[in-house]
Amino acid sequence: MSSSDQLPVLQVRDLQAHFRTRYFGVNREVRAVDGVSFDVRGNEIYGLAGESSSGKTTLIKTIAGLLKPPLEMVGGSARFAFLPEWDAIGRAPPEVVRRIRWRHLSYIMQGSMNVLNPLRRVRHSFRDFAWRHLGGSKSEFDTRAAAHLERVRLDPSVLAAYPHELSGGMRQRVTIALATICKPEFIIADEPTTALDVVVQKEVLGMLRAIQREMGSSVLFITHDMGVHAALTDRLGIMYAGRLVEDGETPEIFARPLHPYTRHLIASLPRIGDVEQREGLEGTPPNLAAPPPGCRFHPRCPLAMPVCATTVPAMVETLPGHRVACHAINPGAAA
Amino acid sequence: MSAYPTYFAKRLAQFALVVFIGVNLAFVITHASPIDPVEQSISAVTSFGNTAPEAIAAMRTSLQELYGLKGTLGEQYLTFWSRVLRGDFGPSLSAFPTPVSTLIGRALPWTAGLLIVSTLITWVLGNLLGGLAGYYQRNRTLKLMGVVAMGVHPIPYYIVALLLLIVFGFLWPVLPITGGSAMNLQQGWNWPFVSSVLLHSVLPALSLILIGLGSWFLGMRSLVSNIVTEDYVVYAEIAGLDSRRVLGSYIMRNALAPQVTGLAMSLGGIFNGAVITEKVFGYPGVGTLLVDAVYAGDYGLVLGVTTVSIIAVSIGVLVIDLLYPLIDPRVELR
Amino acid sequence: MLVILRDLIRYNLEFRIGLVLVAIVLVMAGLSFVSPYPPGEVYLVPPDIPPSAAYWLGTTSRGQDVFWQLTFAIRNTLSFGIMVAVLSRLIALVVGLLAGYSGGWIDRVLMSINDTFIIIPLFPILILFYFVLRDTMSTPLLAMIMACLGWAYDARLIRSVALSLKTREFTQTSIFSGMKTREILAREHLPYVLPIVFSTTMNNMNWSIGIEVTLAVLGFTDINTPTIGGMIYWANQHTALVAGIWWWIAFPVALVVMTFVGLFLLAVSMNEYIDPRSRLARMGGSR
């Protein structure tokens, strides 16, 4: 695992993002991301795990500056190394943002079935996304695109096809090729393999890892599938109800999960030869419009103590390179 | 690409079906009626004077033949179809002995010109404005346009035509309100005639356009506001594409595809509107021809215009259907 | 259902306006039952009097009180529209649901026929009907003919709802849990189908009334039963505009426009309320 020791490519400090809606006379403020801090280093794959309503997608939208009402960034920062003057993309002016989009920061979307313009051939999408960054004449660019596709082991004839003529897995791989053609420093991958079957999933993940290794980019990889995290990521962060509860190197997290929620996630993974009964967690994820005070996990936590209901636990480096936010593990550490 | 021949075949089959059902419908209606058009015509012609019984009998026979009403129902059916295919509907009673097909041939260019031009303007302008309104949802001018469109769109063609007639006929008479061109001009490609034609077509076209704009505007606006949430649009914006490119190539293009289908489906309705608009403004198209034919009891002309309208609209739909793959290559899904 | 109505009235301007317009129209129609003058007779009052205290909307050249004539006209026009709407709903539902649920060749055949009726220009066909039926063409007959011709567009909409319902997961769940088809249709699917039926009813009424008005203006219907189009027809026969009797045309036109716009606004606002994506747009969830 080679992670760079220099300044992290992404530094997130105490990030907060809320959904504010007003409809039919009802005001709601959903605190989807409520004080998240972590780093992503150069040349690493950082995974983000957690169940459906944990705020993972909102977090990356905020980081990538994709804020549209009712989603608003309310506080904190998410600073990229390639944009040091601004503490968050969402706060930079549009011309600056346009320059970095795709060239330094690209995005692989959830459910990439439909991300390419269905009425245009694939090569037009490539031109739309990357030509303005890479320059050259149209034919020069087309040649470069074809070369890039070959390098990631895709048939360049794909460029002449329409999206609906390609299979789901093929489309996803084309999207990865599209997201990497400008060799961005940072790639956000939001559940890219969720809709694919296991065999295709393996190919797609392999492709992603190979590209990452070759280009030395950083990837922020979101999925709820712990098995994928185990296979792919260098470091891993666990999110619950809009907060980060644990993070560290992936093998370390799997070997020694500290937070009760993490332990539950990992224990729920099936293992060959293991015939134990699995138990589900009691209760349901909290309503983020009216979240529980203190540690948001405490209503469901087997280790809950009185302090958990009043004070938010701070993220403390409990073991080298392994942080966790839990009163049971780090007594007396308040946020 | 290999799906295109199947697609074309399907559209041609649909065209044939429409023409078949339509023409048969015309036949059924006219032959299932309790009223005998021959007797009708005879009474219309002889009501003002004394006609000898032999003359009436002679008229009856010749009319029966002219109207294709001789023989059994089966024979009449075959006669009917052979005439339709030949384009021969017999002579017009109200303009005897001019053949019906000549009258239709004279009127059709007027209607076609009016319809094609006003439909194109309406469709293009309505979709453009509606698309902008769906994208720039905070823009006040566009919002206002939306309100106006909502108010005008449900009003039927007749009333708009009537209102325009009142405004430009009585209140502010700057535009001609009847006829296709000034009466005394020689027809042909000379400027006085052409400009007169254009001037006379302004009001009919305007009433068709005003109504049509509303419906395309509203439809496009709703399409666009849904499409902006589609994955491929969001992705293009994430990638920092120029918003004009996103609006044009990603949003509008995808929204126009169903609007092209919508155009094909609404040709019938647009034609209906043209019929009544022509009558209001005395525009010499097939609409006026049809209505006047009914007043005059001219059986052959009414039947002829109806049949030709069905076929003409079907051809229009077919043309649009065949052009559709140019904008949306996903024809296997249709 | 009532909650929906209450929400719509409170928060949706278009619905409120539509409701007010339709209410006015309905009140006018209802007043016809207390009219002091019978509808079909002429020369009951002094003709050509402008709107005044005695005759609120003036009188016509045929010696009828415009206001009270209008109440009958709008009542007949509305009942005509409702007749067509109800009949064509039945046909549209049968065709749409059958095509959507059956799929396969039944769907294809039905849709080909359906599209035929969408494409064929109905106006010339109606004129042809009038031409051959002449004086035997009564309003109910016209309503039936129009219902048999005007179901196609809405049948397609209903079919697409049926198609999406058929493949939804909750349908499979219901089947697997042993619900009878009848139950599934009534309890699970009807709430999705009803809103479409309702809003298409409004649009259908606009369509049919529009055609009736147009046909009547041309004199192609039963002109002795007072309808909006009929009033305009008679006004034209007496060259009311030229003679300056503007109130004979203006008020029927105004009332029928109110009807059209009102029904349309109701349909649009119900549609928007039902579609969750447009609701999100209203919440400020888009640009």
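This is a predicted model: local features need pLDDT of at least 70, side-chain atom pairs count only at pLDDT 80 or more; totals for chains, interfaces and linings use all residues.
The contact between chains A and B draws on 19 residues of chain A and 19 residues of chain B. On the chain A side, two elements each supply two or more residues: helix H2 (94-100) and helix H3 (122-134). Eleven residues of that side are nonpolar, four are polar and four are charged.

Chains B and C also touch. Here chain B contributes 44 residues and chain C contributes 37. Several helices of chain B give two or more residues to this side, among them helix H6 (140-152), helix H7 (157-171) and helix H8 (191-227). Helix H10 (243-281), helix H11 (286-296) and helix H12 (299-323) of chain B also belong to this set. H1(B), spanning residues 4-31, gives the most, with nine residues. The chain B side comprises 28 nonpolar residues, 15 polar residues and one charged residue.

Chain A contains an open sheet of eight strands. The strand order is E5-E6-E7-E3-E8-E9-E11-E10, and the pairing is mixed. Strand E5 (105-108) and strand E10 (316-319) of chain A form the edges, each pairing on one side only. Direction ignored, neighbouring strands of the sheet are turned by 20° against each other on average. Strands of a sheet pair through backbone hydrogen bonds, in either a parallel or an antiparallel sense. Strand E9 (residues 243-249) and strand E11 (residues 322-324) of chain A pair in the antiparallel sense, over two bridges. A:Glu246 has A:Val324 of E11(A) as its bridge partner.

How values were computed:
Residues are numbered from 1 along each chain as its sequence is written. Chains are lettered from A and ligands numbered from 1 in the order in which they are written. Two residues are in contact if their C-beta atoms, placed from the backbone, lie within 7 Å. Helices (H or I, at least four residues) and strands (E, at least two) are DSSP runs, numbered from the N terminus. Ala, Val, Leu, Ile, Met, Phe, Trp, Tyr, Cys and Pro count as nonpolar, Asp, Glu, Lys and Arg as charged, and the others, Gly among them, as polar. Two strands pair if DSSP finds at least two bridges between them. Axes are lines fitted to C-alpha atoms, for helices over the stretch in contact, and angles run from 0 to 180 degrees between N-to-C directions.
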